[in-house]
Amino acid sequence: MVSDFDTALLARRINEATRGDTDAAYDLGVAYSTGTMGAVLDLIEAHKWFNLSAAWGNDAAAAARSDIAEDMTAREIATAQRAARDVLGGMQRRAA
(Lines give C-alpha, C1' and ligand atoms only; values in the text may rest on other atoms or scores of the structure.)
Protein backbone atom coordinates (compact mmCIF):
# COMPACT_ATOMS: atom_id res chain seq x y z
CA MET A 1 0.00 0.00 0.00
CA VAL A 2 1.30 3.42 -0.96
CA SER A 3 1.13 6.04 1.77
CA ASP A 4 0.27 9.70 1.28
CA PHE A 5 3.84 10.45 2.32
CA ASP A 6 5.25 8.28 -0.48
CA THR A 7 2.92 9.87 -3.02
CA ALA A 8 3.95 13.36 -1.93
CA LEU A 9 7.64 12.42 -1.89
CA LEU A 10 7.45 10.96 -5.39
CA ALA A 11 5.67 14.07 -6.71
CA ARG A 12 8.24 16.36 -5.08
CA ARG A 13 11.18 14.39 -6.51
CA ILE A 14 9.61 14.45 -10.00
CA ASN A 15 9.21 18.22 -9.72
CA GLU A 16 12.83 18.60 -8.61
CA ALA A 17 14.15 16.27 -11.30
CA THR A 18 12.29 18.05 -14.07
CA ARG A 19 14.11 21.21 -12.96
CA GLY A 20 17.52 19.55 -13.36
CA ASP A 21 18.21 18.08 -9.91
CA THR A 22 20.53 15.17 -10.66
CA ASP A 23 20.07 13.58 -7.24
CA ALA A 24 16.29 13.68 -7.59
CA ALA A 25 16.54 12.09 -11.04
CA TYR A 26 18.78 9.35 -9.63
CA ASP A 27 16.36 8.75 -6.74
CA LEU A 28 13.52 8.41 -9.25
CA GLY A 29 15.54 5.90 -11.24
CA VAL A 30 16.02 3.85 -8.09
CA ALA A 31 12.34 4.19 -7.14
CA TYR A 32 11.07 3.06 -10.54
CA SER A 33 13.63 0.27 -10.89
CA THR A 34 12.70 -1.19 -7.49
CA GLY A 35 9.05 -0.21 -7.11
CA THR A 36 9.71 1.82 -3.98
CA MET A 37 8.96 5.36 -2.72
CA GLY A 38 5.42 5.14 -4.09
CA ALA A 39 6.54 4.29 -7.62
CA VAL A 40 5.33 1.30 -9.58
CA LEU A 41 8.11 -0.89 -11.00
CA ASP A 42 8.71 0.53 -14.49
CA LEU A 43 12.06 0.02 -16.20
CA ILE A 44 11.30 2.54 -18.93
CA GLU A 45 10.73 5.27 -16.34
CA ALA A 46 13.77 4.10 -14.38
CA HIS A 47 15.96 4.23 -17.50
CA LYS A 48 14.64 7.70 -18.34
CA TRP A 49 15.54 9.12 -14.92
CA PHE A 50 18.89 7.33 -14.74
CA ASN A 51 19.66 8.63 -18.23
CA LEU A 52 18.92 12.22 -17.23
CA SER A 53 20.92 11.94 -14.03
CA ALA A 54 23.84 10.45 -15.97
CA ALA A 55 23.63 13.25 -18.54
CA TRP A 56 23.93 15.72 -15.66
CA GLY A 57 27.12 14.05 -14.43
CA ASN A 58 26.07 11.28 -12.04
CA ASP A 59 28.38 8.30 -12.67
CA ALA A 60 26.32 5.98 -10.46
CA ALA A 61 23.27 6.73 -12.61
CA ALA A 62 25.17 5.74 -15.75
CA ALA A 63 26.07 2.40 -14.18
CA ALA A 64 22.50 1.82 -12.96
CA ARG A 65 21.12 2.69 -16.41
CA SER A 66 23.45 0.13 -17.95
CA ASP A 67 22.38 -2.51 -15.43
CA ILE A 68 18.66 -2.15 -16.06
CA ALA A 69 19.14 -1.88 -19.84
CA GLU A 70 20.19 -5.53 -19.75
CA ASP A 71 16.59 -6.41 -18.83
CA MET A 72 15.01 -4.17 -21.48
CA THR A 73 14.27 -4.55 -25.17
CA ALA A 74 15.73 -2.17 -27.74
CA ARG A 75 12.24 -0.69 -28.20
CA GLU A 76 11.87 -0.05 -24.46
CA ILE A 77 15.27 1.66 -24.35
CA ALA A 78 14.33 3.83 -27.33
CA THR A 79 11.07 4.77 -25.60
CA ALA A 80 12.98 5.71 -22.43
CA GLN A 81 15.48 7.78 -24.40
CA ARG A 82 12.67 9.62 -26.17
CA ALA A 83 11.01 10.32 -22.81
CA ALA A 84 14.29 11.71 -21.46
CA ARG A 85 14.60 14.01 -24.48
CA ASP A 86 11.03 15.17 -23.87
CA VAL A 87 11.94 16.14 -20.30
CA LEU A 88 14.97 18.06 -21.55
CA GLY A 89 12.84 19.80 -24.18
CA GLY A 90 10.33 20.83 -21.54
CA MET A 91 13.12 22.25 -19.41
CA GLN A 92 14.44 24.31 -22.32
CA ARG A 93 10.97 25.69 -23.08
CA ARG A 94 10.51 26.77 -19.44
CA ALA A 95 13.96 28.43 -19.42
CA ALA A 96 13.21 30.50 -22.52
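These are my notebook entries on a predicted model of one chain.

**Ground rules.** I number residues from 1 along each chain as its sequence is written, and for side-chain values I use heavy atoms, leaving out hydrogens and water.

**Fold.** I looked up the secondary structure, taking helices (H or I, at least four residues) and strands (E, at least two) as DSSP runs numbered from the N terminus. The chain has five helices and zero strands. The order from the N terminus is α-α-α-α-α. I then checked the radius of gyration, taken over C-alpha atoms, against the globule rule of 2.2 Å times the number of residues to the power 0.38. The chain gives 13 Å, close to the 12 Å of the rule for 96 residues, so it is as compact as a globular protein of that length. The C-alpha trace spans about 35 × 30 × 25 Å along its principal axes.

**Surface and contacts.** For burial I used relative accessible area: buried is under 20%, exposed is over 50%, and partly exposed is in between (1.4 Å probe, protein chains only). Buried residues account for 35% of the 96 residues. By the Shrake-Rupley method with a 1.4 Å probe, the accessible surface is about 5,600 Å², and 52% of it belongs to carbon and sulfur atoms. I counted a contact where heavy atoms lie within 4.5 Å. Of the contacts between residues at least 6 apart in sequence, 51% join residues at least 24 apart.

**Charges.** I counted Lys and Arg as positive and Asp and Glu as negative, without His and the chain ends. Each charge was placed at NZ of Lys, CZ of Arg, CG of Asp or CD of Glu. The mean positions of the 10 positive and 14 negative charges are 10 Å apart.

**Aromatic pair.** I paired rings of Phe, Tyr and Trp (its six-membered ring) with centres within 6.5 Å, calling planes under 30 degrees apart stacked, over 60 edge-to-face and the rest tilted. The count is one aromatic pair. The ring centres of Tyr 26 and Phe 50 are 5.6 Å apart and the planes stand at 55 degrees, so the pair is tilted. It links distant parts of the chain, with Tyr 26 in helix α2 (residues 22–34) and Phe 50 in helix α3 (residues 43–55), 24 residues apart. Tyr 26 is partly exposed at 25% relative accessible area, whereas Phe 50 is buried at 2%.

**Met 37.** I found Met 37 in the loop between α2 and α3. Its phi is near 60 degrees, a positive value in a residue other than glycine. Most residues other than glycine have a negative phi. Met 37 is buried, with a relative accessible area of 19%.

Asp 21 sits in the loop between α1 and α2 and is partly exposed at 27%. Leaving aside residues up to four places away in sequence, Asp 21 touches Arg 13, Glu 16 and Trp 56. Its C-alpha atom is 9.4 Å from that of Leu 52, 31 residues apart along the chain. Asp 23 belongs to helix α2 and is partly exposed at 48%. With the same exclusion of residues up to four places away in sequence, Asp 23 touches Arg 13 and Asn 58.

**Ala 8.** Ala 8 lies in helix α1 (residues 4–17) and is partly exposed at 46%. I noted 8.6 Å between the C-alpha atoms of Ala 8 and Gly 38, which are 30 residues apart along the chain.

Key
Predicted model: local features only at pLDDT ≥ 70, side-chain atom pairs only at ≥ 80, totals over all residues.
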